[in-house]
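Hi,

Here is the structure I said I would pass on. Have a look at it first, and then read on for my notes.

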Amino acid sequence: MKYIDEFRDKEIVFKLIEKISSVTQKEIVLMEVCGGHTWAIQKFGIPSLLPKNIKLLSGPGCPVCVTSKKFIDQAVAYSRLNDVIITTYGDLIRVPGSTSSLNVEKGKGADIRIVYSILDALQIANENPAKKIVFLGIGFETTAPGSAAGIINAARKSLNNFFLFSSHKIMPPAMAALIDEGVTINGYIAPGHVSAITGSHIYDDMPAKYGVGCVISGFEPTDILQSIYMLVKQVVENKFCVEIQYKRVVKPEGNIKAQEIMKEVFALRDDWWRGLGTIKNSGLCVNEKFSNFDAEKMIQVQVEETKEETGCICGEILKGLKTPHQCKLFATVCTTSNPIGACMVSQEGACNAYFRFNNNGK
Amino acid sequence: MHILDLIIMENNILLGHGSGGTLSHNLIKDLFVRYFDNHILKLQTDSALLNMNGANIAFTTDSFIVDPIFFPGGDIGKLAVCGTVNDLAVSGAIPKYLSASFIIEEGFSFKELETIVSSMADEAKKAGVLIVTGDTKVVNKGQCDKLFINTSGIGVIEEKHKSISTGEKIKSGDKIIINGTIADHGMAIMAARNFENFKTNIKSDCACLNHMIKEILDTNCIIKFIRDATRGGIATILCELTEKNNIGIEIDESKVAANENVRGMCELLGFDPFYVANEGKIILVAPDEDVDKIISVMKQNEFGKDSAVIGEVVNNRSGKAVLKTGIGGKRIIDMLADEQLPRIC
């Protein structure tokens, strides 16, 4: 397949591995921030190919994993209202809330529909004028412009039954917070699709301020390995900077149009990240101008008190302080069919990827 | 036990219980096998193997609820015949007689029903089976989705083929064979169901494989295991096989073929083709020395043109299927818990 097979070429992969191995024997710790990277790294078996001195940690870039339990509880509460149809991307429906999940509510008869794009949700709103359509907006700069475009579209069509329940977050504050929290890494394999929107400048202060490298990476095996090579070189030469590996998609200035519509619709707010707690100005809420489309403002609902799991170390895993194997629940109580922490739910979650592809613990 | 487990058990069935993954397996094990408790069911083979008055009989049943009922490469009727014929054939049996039961939604088009029934007749004729009994129920509008079909089937099986469905004779060094590309059916349905504006030329691989399987058995080569890789894809079959028989399997990803259009759609949605349903593909295990002969016979059949060895049974890593990835890495193939859902980004 064109544009895929070239980036999965075994010979190039082996050349890159050879290059990485030849640069240094020193231990280097890199964090892949994005869940898409975690998934690809495990799916292609990249850890089995890397030299032992290169350690990869999984970061907080899986949208489902960092979404708070409170958000799920509130989505569950919306789904129990008779006049509400919940529309959502697939992964989210399995995430456990305090006492239920969207999947369980669906089994009980709630109208919850998996959509592939917010435009499908708008279509549902159009076809069901007597219902309130709530779209669960999760994800980072990658999915946020889609949600913003959805709201602008809804406003243009005067759809008064469409609402966004936003848990959208932005990446740089979390990446800074991780290092502030004491996570010691040499560099970030930075999320390619976030920078396709934002450009590379969002990381400009990181190398100087935190002494880490940042390479914006694509998602195919050769992309990831080339990014690792670039980071290893930065470490060895002690010259930390922001580089773009994923040049076929990411431009330094990003996608200006997408940035503009995000600005038009969203405002920054402090937001809660699973494992990291509240991070200042890291979340996106619907701004005043579009408040008629904000589910939080327009649909009142009683939400149960949030109960946190005990024993689950998703928080430390998301911070890269521990790996899934160090969790007592991993592969014993917490499995892909019975996920306890969110990291086990999403295909992009570190625990799920480790469980499925690496070692399911038996 | 986790709280969600309690909720699920106490209250409601989820779609995942019908997905063929671990949720389905648990439902079958913890409910059906527990209550219907008998030594034949416990084997959980594709067909039940029975001995009646000295005759070896294979018996199976399957229900078809596919949406949409017409899809590129087939329809619900063709699928209902192929599914049951294949379940018998992969057990090493010669399919003979089928039943067909119809649950029809009030208001369903007579013309469409006729098209489906005629496609069942065509497929049964091709497979050489007779549909000899059946039942019809009509339910109120909204109580089923257009049309559900159940087919049951019986076939005769020779004593020497009885171990094919369990794979109990598999040992290290045996080769794993597949008869062509994977994931065609699942992605054809997915495209027809969810993407009205998404034009593809993906066709379901839905086909009766009993003639090809008979040609394989007629070679007198040793066949240790055959299973059709339907719901849950080839990954699920490989996991079941390794777990049940406590063997290790190593699959070479670069040997497993998928059509370009199918791969493209899987990439777009973040689906792993290893877990996507097939309706005309079998996984077959045979000793190394018989492989060439088996493959050459398979290749002569229209449904086996692209047959290939995709891996082998290994004596390390007991109970696990391991994938040698296209780039040379290694990882475990695990059973899917639930339905595959498109990834967020």
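Let me start with chain A, where four strands make an open sheet in the order 4-3-5-6, with parallel pairing. Keep in mind throughout that this is a predicted model. Strand 4 (112–114) and strand 6 (162–166) of chain A are the edges of that sheet, each pairing on one side only. From one strand to the next, the twist averages 25 degrees.

If you want to trace the pairing by eye, go to strand 5 (residues 132–137) of chain A, which pairs with strand 6 of chain A in the parallel sense over five bridges. One pair to look for is A:Ile133, whose bridge partner in strand 6 of chain A is A:Phe162.

Helix 6 (residues 118–127) of chain A lies across strand 3 (84–88), strand 4, strand 5 and strand 6 of chain A. Relative to strand 5 of chain A, helix 6 runs at about 170 degrees.

Now the whole of chain A. Its secondary structure comes to 15 helices and eleven strands. Taken along the principal axes, the C-alpha atoms of chain A fill a box of roughly 65 × 45 × 40 Å. Of the 362 residues in chain A, 56% are buried. Contacts between residues at least 6 apart in the sequence of chain A join residues at least 24 apart in 77% of cases.

On to chain B, which is divided into domain 1 (38–161) and domain 2 (175–333). The C-alpha centres of these two domains of chain B lie 22 Å apart. Where they meet, 25 residues of domain 1 of chain B are in contact with 21 residues of domain 2 of chain B. On the domain 1 side, the elements that give two or more residues are helix 4 (76–89), strand 5 (93–105) and helix 5 (110–127) of chain B. Helix 4 of chain B gives the most to that side, with nine residues. By class, the domain 1 side that touches domain 2 of chain B has 13 nonpolar, six polar and six charged residues.

Chain B also has an open sheet of seven strands, in the order 9-11-8-12-10-13-14, and here the pairing is mixed. Strand 9 (225–228) and strand 14 (330–333) of chain B are the edge strands, each pairing on one side only. The twist in this sheet averages 25 degrees from one strand to the next.

Strand 10 (residues 248–252) of chain B runs parallel to strand 13 (residues 321–324) of chain B, and four bridges join them. The bridge partner of B:Ile251 in strand 13 of chain B is B:Leu323, and that of B:Asp252 is B:Lys324. Strand 13 of chain B pairs with strand 14 of chain B in the antiparallel sense, again over four bridges. There, B:Val322 has B:Ile332 as its bridge partner in strand 14 of chain B. Strands 13 and 14 of chain B form a hairpin with five residues between them, and B:Gly328 in the turn has a positive phi of about 100 degrees.

Last, the two chains together. How many residues of chain B are in contact with chain A? There are 33, and they touch 49 residues of chain A. On the chain B side, helix 1 (3–10), helix 2 (22–36), helix 9 (260–269) and strand 14 of chain B are the elements that give two or more residues. Helix 1 of chain B has the largest share, five residues. The side of chain B that touches chain A divides by class into 14 nonpolar, ten polar and nine charged residues.

Over to you.

Note on methods: Residues are numbered from 1 along each chain as its sequence is written. Chains are lettered from A and ligands numbered from 1 in the order in which they are written. This is a predicted model: local features need pLDDT of at least 70, side-chain atom pairs count only at pLDDT 80 or more; totals for chains, interfaces and linings use all residues. Two strands pair if DSSP finds at least two bridges between them. Axes are lines fitted to C-alpha atoms, for helices over the stretch in contact, and angles run from 0 to 180 degrees between N-to-C directions. Two residues are in contact if their C-beta atoms, placed from the backbone, lie within 7 Å. Ala, Val, Leu, Ile, Met, Phe, Trp, Tyr, Cys and Pro count as nonpolar, Asp, Glu, Lys and Arg as charged, and the others, Gly among them, as polar. Domain bounds come from an automatic or database domain assignment. A residue is buried if 20 or more other C-beta atoms lie within 10 Å of its own, exposed if 12 or fewer, and partly exposed in between; C-beta atoms are placed from the backbone.
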